[in-house]
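Trainee: Please take me through one part of this protein closely. I would like to look at the disulfides.

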Amino acid sequence: MTERCQGDTRPRTGPRARTAIVLAAAALLAATSAAFLPGTASAGTTLGASAAEKGRYFGTAVAASRLSDGNYTTILNREFNSVTPENEMKIDATEPQQGRFSYGAAEQIVNHARSRGMSVRGHTLAWHSQQPSWMESMSGSALRSAMLNHVTQVATHFRGQVVAWDVVNEAFEDGSSGARRNSNLQRTGNDWIEAAFRAARAADPGAKLCYNDYNTDNWTHAKTQAVYNMVRDFKSRGVPIDCVGFQSHFNNDSPYVSNYRTTLSSFAALGVDVQVTELDIQGAPAATYRSVVEDCLAVARCNGVTVWGIRDSDSWRASQTPLLFNSSGQKKAAYDAVLAALNNGTTPTDPPTTPPTTPPTTPPTTPPGGSCTATLQDSTRWGDRFNSQVTVSGASNWTVVVAVTPPQKVSNTWNGSPTWDSSGNVMTMRSNGSGNVFGFTTMANGTWTRPVVRSCTVS
Ligand code: G3I
(Lines give C-alpha, C1' and ligand atoms only; values in the text may rest on other atoms or scores of the structure.)
Protein backbone atom coordinates (compact mmCIF):
# COMPACT_ATOMS: atom_id res chain seq x y z
CA MET A 1 0.00 0.00 0.00
CA THR A 2 1.28 3.44 -0.82
CA GLU A 3 1.33 5.87 2.09
CA ARG A 4 0.26 9.42 1.34
CA CYS A 5 1.22 12.39 3.40
CA GLN A 6 0.14 16.03 3.57
CA GLY A 7 1.17 17.85 0.45
CA ASP A 8 1.25 14.68 -1.68
CA THR A 9 -0.38 15.80 -4.92
CA ARG A 10 0.10 12.62 -6.92
CA PRO A 11 -3.10 11.45 -8.66
CA ARG A 12 -5.00 8.84 -6.71
CA THR A 13 -6.05 5.58 -8.26
CA GLY A 14 -8.18 2.63 -7.13
CA PRO A 15 -11.56 2.34 -5.39
CA ARG A 16 -10.78 4.85 -2.65
CA ALA A 17 -9.76 7.34 -5.29
CA ARG A 18 -13.03 6.79 -7.12
CA THR A 19 -14.92 7.29 -3.85
CA ALA A 20 -12.97 10.49 -3.28
CA ILE A 21 -13.81 11.72 -6.76
CA VAL A 22 -17.50 10.94 -6.26
CA LEU A 23 -17.45 12.70 -2.90
CA ALA A 24 -15.65 15.67 -4.36
CA ALA A 25 -18.16 15.86 -7.20
CA ALA A 26 -21.02 15.62 -4.72
CA ALA A 27 -19.47 18.35 -2.60
CA LEU A 28 -19.03 20.53 -5.64
CA LEU A 29 -22.60 19.88 -6.68
CA ALA A 30 -23.83 20.65 -3.18
CA ALA A 31 -21.80 23.84 -3.02
CA THR A 32 -22.96 24.89 -6.46
CA SER A 33 -26.60 24.19 -5.78
CA ALA A 34 -26.38 26.03 -2.46
CA ALA A 35 -25.04 29.03 -4.28
CA PHE A 36 -27.87 29.09 -6.80
CA LEU A 37 -30.85 27.91 -4.80
CA PRO A 38 -33.34 30.72 -4.33
CA GLY A 39 -33.59 31.80 -0.72
CA THR A 40 -30.02 30.85 0.21
CA ALA A 41 -28.68 34.32 -0.39
CA SER A 42 -26.26 34.29 2.52
CA ALA A 43 -24.19 31.51 0.96
CA GLY A 44 -21.03 33.22 -0.15
CA THR A 45 -22.34 36.72 0.48
CA THR A 46 -21.34 37.15 4.11
CA LEU A 47 -18.08 36.42 5.85
CA GLY A 48 -19.51 33.76 8.15
CA ALA A 49 -21.51 31.88 5.52
CA SER A 50 -18.65 31.93 3.06
CA ALA A 51 -16.14 30.74 5.68
CA ALA A 52 -18.55 28.02 6.81
CA GLU A 53 -18.71 26.62 3.30
CA LYS A 54 -14.96 26.20 3.58
CA GLY A 55 -15.39 24.46 6.94
CA ARG A 56 -14.10 27.51 8.81
CA TYR A 57 -15.53 30.25 10.95
CA PHE A 58 -15.18 33.98 10.57
CA GLY A 59 -15.42 35.67 13.93
CA THR A 60 -15.10 38.95 15.72
CA ALA A 61 -14.35 40.23 19.17
CA VAL A 62 -17.54 41.47 20.79
CA ALA A 63 -18.01 43.95 23.62
CA ALA A 64 -21.12 43.36 25.74
CA SER A 65 -21.63 47.10 26.10
CA ARG A 66 -22.15 47.40 22.34
CA LEU A 67 -24.89 44.77 22.05
CA SER A 68 -27.47 47.52 22.52
CA ASP A 69 -26.15 49.34 19.42
CA GLY A 70 -28.37 48.33 16.52
CA ASN A 71 -25.86 49.21 13.84
CA TYR A 72 -23.28 47.01 15.59
CA THR A 73 -25.55 44.00 16.14
CA THR A 74 -26.94 44.18 12.61
CA ILE A 75 -23.42 43.69 11.24
CA LEU A 76 -22.52 41.15 13.90
CA ASN A 77 -25.58 39.00 13.26
CA ARG A 78 -25.30 39.24 9.49
CA GLU A 79 -21.59 38.69 8.96
CA PHE A 80 -20.05 36.60 11.72
CA ASN A 81 -20.46 33.04 12.94
CA SER A 82 -18.01 33.10 15.83
CA VAL A 83 -17.49 35.55 18.64
CA THR A 84 -14.80 36.17 21.24
CA PRO A 85 -15.70 38.27 24.27
CA GLU A 86 -13.19 41.12 24.03
CA ASN A 87 -12.80 41.70 27.77
CA GLU A 88 -15.71 40.00 29.55
CA MET A 89 -14.10 36.59 30.20
CA LYS A 90 -10.81 37.99 31.46
CA ILE A 91 -9.77 37.35 35.01
CA ASP A 92 -10.61 40.81 36.33
CA ALA A 93 -14.10 40.53 34.82
CA THR A 94 -14.96 37.00 35.92
CA GLU A 95 -13.36 36.92 39.39
CA PRO A 96 -13.23 40.54 40.57
CA GLN A 97 -12.90 39.39 44.18
CA GLN A 98 -11.23 36.15 45.07
CA GLY A 99 -13.73 33.31 45.04
CA ARG A 100 -16.59 35.57 43.91
CA PHE A 101 -17.33 35.01 40.28
CA SER A 102 -19.17 37.35 37.98
CA TYR A 103 -20.37 36.03 34.64
CA GLY A 104 -23.14 38.44 33.63
CA ALA A 105 -21.43 40.30 30.78
CA ALA A 106 -19.76 37.17 29.43
CA GLU A 107 -23.07 35.30 29.50
CA GLN A 108 -24.73 38.13 27.62
CA ILE A 109 -22.27 37.62 24.76
CA VAL A 110 -22.37 33.82 24.92
CA ASN A 111 -26.17 33.79 24.84
CA HIS A 112 -26.33 36.32 22.02
CA ALA A 113 -23.93 34.20 19.98
CA ARG A 114 -25.26 30.73 20.66
CA SER A 115 -28.88 31.66 20.13
CA ARG A 116 -27.89 32.75 16.62
CA GLY A 117 -25.78 29.74 15.74
CA MET A 118 -22.44 31.44 16.31
CA SER A 119 -19.68 29.61 18.12
CA VAL A 120 -17.74 31.14 21.01
CA ARG A 121 -14.01 31.39 21.68
CA GLY A 122 -13.25 31.81 25.37
CA HIS A 123 -10.65 34.49 26.10
CA THR A 124 -8.76 34.07 28.40
CA LEU A 125 -8.29 31.89 31.46
CA ALA A 126 -4.71 32.63 32.56
CA TRP A 127 -2.84 35.84 31.72
CA HIS A 128 -0.32 38.12 33.39
CA SER A 129 -2.47 41.13 32.42
CA GLN A 130 -5.97 42.22 33.39
CA GLN A 131 -5.60 40.47 36.71
CA PRO A 132 -7.80 41.74 39.53
CA SER A 133 -5.81 43.50 42.26
CA TRP A 134 -6.17 40.58 44.66
CA MET A 135 -4.39 38.31 42.18
CA GLU A 136 -1.75 40.87 41.21
CA SER A 137 -0.57 40.97 44.78
CA MET A 138 -0.31 37.19 45.15
CA SER A 139 2.68 34.93 44.58
CA GLY A 140 4.00 31.41 44.99
CA SER A 141 1.79 28.46 45.81
CA ALA A 142 -1.15 30.66 46.82
CA LEU A 143 -1.14 32.27 43.37
CA ARG A 144 -0.73 28.91 41.65
CA SER A 145 -3.77 27.54 43.51
CA ALA A 146 -5.78 30.68 42.81
CA MET A 147 -4.92 30.56 39.12
CA LEU A 148 -5.86 26.89 38.82
CA ASN A 149 -9.07 27.46 40.71
CA HIS A 150 -9.90 30.32 38.37
CA VAL A 151 -9.29 28.16 35.30
CA THR A 152 -11.42 25.38 36.76
CA GLN A 153 -14.30 27.58 37.82
CA VAL A 154 -14.62 29.59 34.62
CA ALA A 155 -14.14 26.64 32.26
CA THR A 156 -16.66 24.63 34.29
CA HIS A 157 -19.19 27.45 34.27
CA PHE A 158 -19.10 27.66 30.48
CA ARG A 159 -18.55 23.94 29.89
CA GLY A 160 -20.03 22.85 26.57
CA GLN A 161 -20.66 26.41 25.40
CA VAL A 162 -17.18 27.37 24.26
CA VAL A 163 -15.59 25.76 21.21
CA ALA A 164 -12.04 26.83 22.06
CA TRP A 165 -10.45 28.38 25.12
CA ASP A 166 -7.44 30.65 25.09
CA VAL A 167 -6.20 28.84 28.18
CA VAL A 168 -2.97 30.81 28.46
CA ASN A 169 -2.33 34.17 26.85
CA GLU A 170 0.93 35.97 26.04
CA ALA A 171 3.34 34.00 28.22
CA PHE A 172 6.50 34.74 26.22
CA GLU A 173 8.85 37.73 26.08
CA ASP A 174 9.09 39.95 23.03
CA GLY A 175 12.47 40.38 21.40
CA SER A 176 15.25 37.93 20.79
CA SER A 177 15.45 36.11 24.13
CA GLY A 178 12.91 33.40 23.39
CA ALA A 179 12.30 33.37 27.14
CA ARG A 180 9.14 33.12 29.12
CA ARG A 181 7.68 36.46 30.18
CA ASN A 182 8.68 37.31 33.72
CA SER A 183 5.27 37.49 35.38
CA ASN A 184 3.85 36.59 38.75
CA LEU A 185 2.43 33.44 37.14
CA GLN A 186 5.79 32.46 35.65
CA ARG A 187 7.40 32.88 39.06
CA THR A 188 5.12 30.17 40.45
CA GLY A 189 7.16 27.68 38.40
CA ASN A 190 7.86 26.95 34.76
CA ASP A 191 5.14 24.30 34.67
CA TRP A 192 2.34 26.81 35.27
CA ILE A 193 1.24 26.73 31.64
CA GLU A 194 0.84 22.98 31.43
CA ALA A 195 -0.88 22.97 34.82
CA ALA A 196 -3.40 25.47 33.45
CA PHE A 197 -4.02 23.30 30.37
CA ARG A 198 -4.59 20.20 32.50
CA ALA A 199 -7.04 22.06 34.72
CA ALA A 200 -8.91 23.35 31.67
CA ARG A 201 -9.14 19.88 30.13
CA ALA A 202 -10.56 18.44 33.33
CA ALA A 203 -13.11 21.24 33.60
CA ASP A 204 -14.28 21.38 29.96
CA PRO A 205 -13.20 18.18 28.23
CA GLY A 206 -15.08 18.90 24.98
CA ALA A 207 -13.43 22.25 24.27
CA LYS A 208 -10.30 22.82 22.26
CA LEU A 209 -7.53 24.26 24.38
CA CYS A 210 -5.34 26.94 22.81
CA TYR A 211 -2.19 28.85 23.61
CA ASN A 212 -2.62 32.42 22.30
CA ASP A 213 0.02 35.09 21.65
CA TYR A 214 1.06 38.10 19.53
CA ASN A 215 4.24 38.73 17.52
CA THR A 216 4.39 35.03 16.75
CA ASP A 217 3.59 35.52 13.07
CA ASN A 218 7.11 35.71 11.65
CA TRP A 219 8.52 32.20 11.44
CA THR A 220 12.08 33.45 11.92
CA HIS A 221 11.45 35.34 15.14
CA ALA A 222 12.75 33.98 18.42
CA LYS A 223 9.36 34.35 20.08
CA THR A 224 7.68 32.28 17.36
CA GLN A 225 10.31 29.58 17.70
CA ALA A 226 10.02 29.59 21.48
CA VAL A 227 6.26 29.03 21.34
CA TYR A 228 6.76 26.37 18.67
CA ASN A 229 9.23 24.53 20.90
CA MET A 230 6.83 24.69 23.84
CA VAL A 231 3.97 23.25 21.75
CA ARG A 232 6.22 20.52 20.38
CA ASP A 233 7.30 19.66 23.91
CA PHE A 234 3.69 19.63 25.13
CA LYS A 235 2.61 17.34 22.31
CA SER A 236 5.50 14.97 22.98
CA ARG A 237 4.63 14.74 26.68
CA GLY A 238 0.86 14.52 26.32
CA VAL A 239 0.06 17.94 27.78
CA PRO A 240 -3.50 18.57 26.57
CA ILE A 241 -3.05 21.33 24.00
CA ASP A 242 -5.21 21.36 20.85
CA CYS A 243 -4.61 24.67 19.17
CA VAL A 244 -2.47 27.77 18.88
CA GLY A 245 -3.92 31.23 18.42
CA PHE A 246 -2.05 33.83 16.40
CA GLN A 247 -3.37 37.21 17.47
CA SER A 248 -2.03 38.91 14.34
CA HIS A 249 -2.22 42.56 15.35
CA PHE A 250 -0.35 43.91 12.34
CA ASN A 251 0.96 47.45 12.14
CA ASN A 252 3.94 49.36 10.81
CA ASP A 253 6.17 48.16 13.66
CA SER A 254 4.95 44.60 13.46
CA PRO A 255 3.92 43.99 9.87
CA TYR A 256 2.44 40.99 8.12
CA VAL A 257 5.21 38.86 6.64
CA SER A 258 5.12 36.50 3.71
CA ASN A 259 6.31 33.58 5.84
CA TYR A 260 3.09 33.76 7.88
CA ARG A 261 1.73 30.75 5.99
CA THR A 262 4.89 28.84 6.86
CA THR A 263 4.30 29.68 10.51
CA LEU A 264 0.71 28.46 10.42
CA SER A 265 1.54 25.26 8.57
CA SER A 266 4.59 24.52 10.74
CA PHE A 267 2.56 24.70 13.92
CA ALA A 268 -0.24 22.66 12.32
CA ALA A 269 2.29 19.98 11.46
CA LEU A 270 2.85 19.51 15.20
CA GLY A 271 -0.69 18.16 15.38
CA VAL A 272 -2.54 21.24 16.63
CA ASP A 273 -5.18 23.42 15.04
CA VAL A 274 -4.21 26.98 14.31
CA GLN A 275 -6.49 29.99 14.47
CA VAL A 276 -6.08 33.67 13.63
CA THR A 277 -7.52 35.07 16.82
CA GLU A 278 -7.31 38.89 16.97
CA LEU A 279 -6.70 40.14 13.46
CA ASP A 280 -6.42 43.86 12.79
CA ILE A 281 -4.12 45.64 10.35
CA GLN A 282 -3.11 49.27 10.51
CA GLY A 283 -4.88 51.12 7.70
CA ALA A 284 -6.73 47.91 6.71
CA PRO A 285 -4.90 47.35 3.41
CA ALA A 286 -7.10 45.06 1.31
CA ALA A 287 -4.19 43.08 -0.10
CA THR A 288 -2.83 42.23 3.35
CA TYR A 289 -6.22 41.19 4.66
CA ARG A 290 -6.61 38.99 1.60
CA SER A 291 -3.20 37.41 2.17
CA VAL A 292 -3.99 36.55 5.77
CA VAL A 293 -7.24 34.84 4.79
CA GLU A 294 -5.58 33.01 1.90
CA ASP A 295 -2.84 31.82 4.24
CA CYS A 296 -5.40 30.42 6.65
CA LEU A 297 -7.37 28.72 3.89
CA ALA A 298 -4.17 27.15 2.58
CA VAL A 299 -3.62 25.33 5.87
CA ALA A 300 -6.12 22.56 6.47
CA ARG A 301 -5.88 22.89 10.24
CA CYS A 302 -6.49 26.63 10.24
CA ASN A 303 -10.02 26.63 11.65
CA GLY A 304 -10.91 30.25 11.20
CA VAL A 305 -10.17 33.93 11.48
CA THR A 306 -11.35 36.35 14.16
CA VAL A 307 -11.05 40.10 13.65
CA TRP A 308 -10.58 42.17 16.79
CA GLY A 309 -13.72 44.24 16.52
CA ILE A 310 -16.34 45.12 13.93
CA ARG A 311 -16.12 48.84 13.08
CA ASP A 312 -13.02 50.99 13.28
CA SER A 313 -14.63 52.86 16.15
CA ASP A 314 -14.88 49.56 18.07
CA SER A 315 -11.14 48.89 17.82
CA TRP A 316 -8.67 49.14 20.67
CA ARG A 317 -6.58 50.94 18.02
CA ALA A 318 -9.37 53.04 16.52
CA SER A 319 -7.01 55.73 15.23
CA GLN A 320 -5.31 53.14 13.01
CA THR A 321 -8.65 52.32 11.30
CA PRO A 322 -7.61 48.66 11.19
CA LEU A 323 -10.92 46.82 10.73
CA LEU A 324 -13.28 45.71 7.95
CA PHE A 325 -16.07 48.25 8.56
CA ASN A 326 -15.72 52.00 8.93
CA SER A 327 -17.09 53.78 11.95
CA SER A 328 -20.50 54.14 10.28
CA GLY A 329 -20.66 50.42 9.65
CA GLN A 330 -19.95 50.60 5.93
CA LYS A 331 -17.95 47.83 4.31
CA LYS A 332 -14.38 48.84 3.46
CA ALA A 333 -12.25 47.59 0.57
CA ALA A 334 -10.67 45.13 2.98
CA TYR A 335 -14.08 43.57 3.54
CA ASP A 336 -14.50 42.90 -0.18
CA ALA A 337 -11.01 41.43 -0.34
CA VAL A 338 -11.69 39.09 2.57
CA LEU A 339 -15.01 37.94 1.16
CA ALA A 340 -13.44 37.33 -2.25
CA ALA A 341 -10.62 35.36 -0.66
CA LEU A 342 -13.12 33.24 1.26
CA ASN A 343 -15.18 32.60 -1.85
CA ASN A 344 -12.25 31.94 -4.15
CA GLY A 345 -10.20 30.01 -1.68
CA THR A 346 -9.49 26.39 -2.24
CA THR A 347 -10.84 23.87 0.19
CA PRO A 348 -7.92 21.80 1.46
CA THR A 349 -8.68 18.13 1.54
CA ASP A 350 -5.62 16.84 3.33
CA PRO A 351 -5.84 13.19 4.27
CA PRO A 352 -7.34 12.58 7.72
CA THR A 353 -4.89 12.66 10.59
CA THR A 354 -6.80 9.69 12.01
CA PRO A 355 -6.63 6.35 10.17
CA PRO A 356 -8.62 6.45 6.91
CA THR A 357 -12.23 5.53 7.42
CA THR A 358 -15.01 4.64 5.04
CA PRO A 359 -17.18 7.67 4.30
CA PRO A 360 -20.83 7.35 5.25
CA THR A 361 -22.67 5.47 2.53
CA THR A 362 -26.22 5.42 3.84
CA PRO A 363 -28.75 7.10 1.54
CA PRO A 364 -29.92 10.63 2.33
CA THR A 365 -32.25 10.67 5.32
CA THR A 366 -35.77 11.84 4.59
CA PRO A 367 -37.91 11.18 7.65
CA PRO A 368 -41.60 11.93 7.74
CA GLY A 369 -42.19 15.23 9.46
CA GLY A 370 -45.67 16.59 9.42
CA SER A 371 -45.91 18.78 6.40
CA CYS A 372 -42.20 19.23 5.76
CA THR A 373 -39.31 16.96 4.92
CA ALA A 374 -35.61 17.46 5.57
CA THR A 375 -32.93 15.79 3.49
CA LEU A 376 -29.38 15.61 4.76
CA GLN A 377 -26.50 15.49 2.31
CA ASP A 378 -22.80 15.14 2.91
CA SER A 379 -20.76 18.10 1.87
CA THR A 380 -17.05 18.79 2.26
CA ARG A 381 -14.92 16.60 4.48
CA TRP A 382 -11.56 17.40 6.11
CA GLY A 383 -9.17 15.42 8.26
CA ASP A 384 -10.97 16.25 11.49
CA ARG A 385 -14.45 17.44 10.48
CA PHE A 386 -17.13 17.42 7.83
CA ASN A 387 -19.95 19.61 6.62
CA SER A 388 -23.54 18.53 6.13
CA GLN A 389 -26.29 20.36 4.31
CA VAL A 390 -29.98 19.94 5.06
CA THR A 391 -32.60 20.90 2.49
CA VAL A 392 -36.11 21.44 3.77
CA SER A 393 -39.17 21.29 1.58
CA GLY A 394 -42.82 21.86 2.31
CA ALA A 395 -42.61 24.82 4.67
CA SER A 396 -40.70 28.02 5.25
CA ASN A 397 -41.22 28.15 9.02
CA TRP A 398 -39.63 24.77 9.70
CA THR A 399 -38.00 23.18 12.73
CA VAL A 400 -35.58 20.34 12.07
CA VAL A 401 -34.02 18.13 14.73
CA VAL A 402 -30.62 16.64 13.90
CA ALA A 403 -28.55 14.30 16.08
CA VAL A 404 -24.81 13.67 15.92
CA THR A 405 -23.06 10.68 17.43
CA PRO A 406 -20.89 11.34 20.52
CA PRO A 407 -18.08 12.23 20.73
CA GLN A 408 -18.91 14.23 17.62
CA LYS A 409 -19.68 17.89 18.24
CA VAL A 410 -21.26 20.46 15.97
CA SER A 411 -18.82 23.36 15.82
CA ASN A 412 -20.55 25.66 13.40
CA THR A 413 -23.90 26.23 11.73
CA TRP A 414 -25.29 28.55 9.08
CA ASN A 415 -28.63 29.66 7.69
CA GLY A 416 -30.65 28.71 10.79
CA SER A 417 -31.08 29.33 14.53
CA PRO A 418 -29.95 26.33 16.58
CA THR A 419 -30.65 25.28 20.14
CA TRP A 420 -29.25 22.21 21.87
CA ASP A 421 -30.35 19.56 24.30
CA SER A 422 -28.39 19.13 27.50
CA SER A 423 -26.10 16.49 25.96
CA GLY A 424 -25.08 18.87 23.21
CA ASN A 425 -25.62 16.11 20.65
CA VAL A 426 -29.14 16.94 19.52
CA MET A 427 -29.58 20.18 17.63
CA THR A 428 -32.95 21.77 16.99
CA MET A 429 -32.58 24.09 14.04
CA ARG A 430 -35.25 26.66 13.29
CA SER A 431 -35.64 28.68 10.14
CA ASN A 432 -34.31 32.22 10.48
CA GLY A 433 -35.38 33.71 7.18
CA SER A 434 -32.23 32.59 5.35
CA GLY A 435 -34.05 30.10 3.17
CA ASN A 436 -34.64 26.38 3.20
CA VAL A 437 -31.09 25.07 3.14
CA PHE A 438 -29.05 25.10 6.33
CA GLY A 439 -25.67 23.63 7.06
CA PHE A 440 -23.41 22.67 9.90
CA THR A 441 -19.88 21.50 10.59
CA THR A 442 -19.35 18.42 12.75
CA MET A 443 -16.06 17.80 14.53
CA ALA A 444 -15.63 14.05 14.04
CA ASN A 445 -13.51 13.42 17.15
CA GLY A 446 -12.69 10.06 15.58
CA THR A 447 -16.28 9.12 14.67
CA TRP A 448 -17.43 9.61 11.10
CA THR A 449 -21.04 8.46 11.45
CA ARG A 450 -23.40 10.56 9.37
CA PRO A 451 -25.68 12.86 11.41
CA VAL A 452 -29.33 11.83 11.45
CA VAL A 453 -32.37 13.99 10.81
CA ARG A 454 -34.88 13.03 13.49
CA SER A 455 -37.81 15.19 12.53
CA CYS A 456 -39.05 18.09 10.48
CA THR A 457 -42.04 19.99 11.81
CA VAL A 458 -43.77 23.22 10.96
CA SER A 459 -43.29 25.80 13.70
O1 G3I B 1 -14.90 49.76 30.71
C2 G3I B 1 -13.98 50.66 31.33
C3 G3I B 1 -14.60 52.00 31.53
O4 G3I B 1 -15.69 51.89 32.40
C5 G3I B 1 -13.54 52.94 32.07
O6 G3I B 1 -14.08 54.23 32.17
C7 G3I B 1 -12.33 52.97 31.16
C8 G3I B 1 -11.22 53.84 31.74
O9 G3I B 1 -9.96 53.43 31.26
O10 G3I B 1 -11.84 51.66 31.03
C11 G3I B 1 -12.77 50.78 30.46
O12 G3I B 1 -12.16 49.52 30.36
C13 G3I B 1 -11.20 49.37 29.35
C14 G3I B 1 -11.60 48.20 28.49
O15 G3I B 1 -10.60 47.94 27.51
C16 G3I B 1 -12.92 48.42 27.76
O17 G3I B 1 -12.79 49.46 26.88
C18 G3I B 1 -9.86 49.11 29.98
O19 G3I B 1 -9.42 50.26 30.68
C20 G3I B 1 -8.84 48.74 28.92
O21 G3I B 1 -7.64 48.33 29.54
C22 G3I B 1 -9.36 47.60 28.09
O23 G3I B 1 -8.45 47.36 27.06
C24 G3I B 1 -8.53 46.08 26.49
C25 G3I B 1 -7.13 45.45 26.49
O26 G3I B 1 -7.18 44.19 25.85
C27 G3I B 1 -6.59 45.22 27.89
O28 G3I B 1 -7.11 44.07 28.44
C29 G3I B 1 -9.03 46.20 25.06
O30 G3I B 1 -10.39 46.61 25.08
C31 G3I B 1 -8.93 44.85 24.35
O32 G3I B 1 -9.19 45.02 22.98
C33 G3I B 1 -7.53 44.30 24.50
O34 G3I B 1 -7.48 43.04 23.91
C35 G3I B 1 -6.21 42.39 23.93
C36 G3I B 1 -6.45 40.92 24.05
O37 G3I B 1 -7.24 40.63 25.18
C38 G3I B 1 -5.13 40.15 24.11
N39 G3I B 1 -4.27 40.49 23.00
C40 G3I B 1 -4.06 41.91 22.79
C41 G3I B 1 -5.38 42.65 22.68
C42 G3I B 1 -5.14 44.10 22.39
O43 G3I B 1 -4.51 44.73 23.45
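**The disulfides**

Mentor: Cys296 is buried, with a relative accessible area of 2%. In this predicted model, Cys296 is joined by a disulfide to Cys302, with 2.1 Å from S to S. Cys302 is buried as well, at 0% relative accessibility. The torsion about the S-S bond of Cys296 and Cys302 is about -100 degrees, so this disulfide is left-handed.

A search of the whole structure finds three disulfides. Another one is formed by Cys210 and Cys243, whose sulfur atoms lie 2.1 Å apart. Here Cys210 belongs to strand β5 (residues 208–213) and Cys243 to strand β6 (residues 243–246), so the bond ties together parts that are 33 residues apart in sequence. The torsion about the S-S bond of Cys210 and Cys243 is about -90 degrees, so this link is also left-handed. Cys210 has a relative accessible area of 0% and is buried; Cys243, at 0% relative accessibility, counts as buried too.

That leaves the disulfide of Cys372 and Cys456, with sulfur atoms 2.2 Å apart. Cys372 sits in the loop between α12 (333–344) and β10, while Cys456 is in strand β17 (residues 452–458), so this pair ties together parts that are 84 residues apart in sequence. With -120 degrees about the S-S bond, the link of Cys372 and Cys456 is left-handed. Both Cys372 and Cys456 are buried.

Now count the bonded cysteines along the chain: the disulfides follow the pattern 1-2, 3-4, 5-6.

Key:
Residues are numbered from 1 along each chain as its sequence is written. This is a predicted model: local features need pLDDT of at least 70, side-chain atom pairs count only at pLDDT 80 or more; totals for chains, interfaces and linings use all residues. Side-chain values use heavy atoms; hydrogens and water are left out. A disulfide is a pair of cysteine sulfur atoms within 2.5 Å. Helices (H or I, at least four residues) and strands (E, at least two) are DSSP runs, numbered from the N terminus. Buried means under 20% relative accessible area, exposed over 50%, partly exposed in between (1.4 Å probe, protein chains only).
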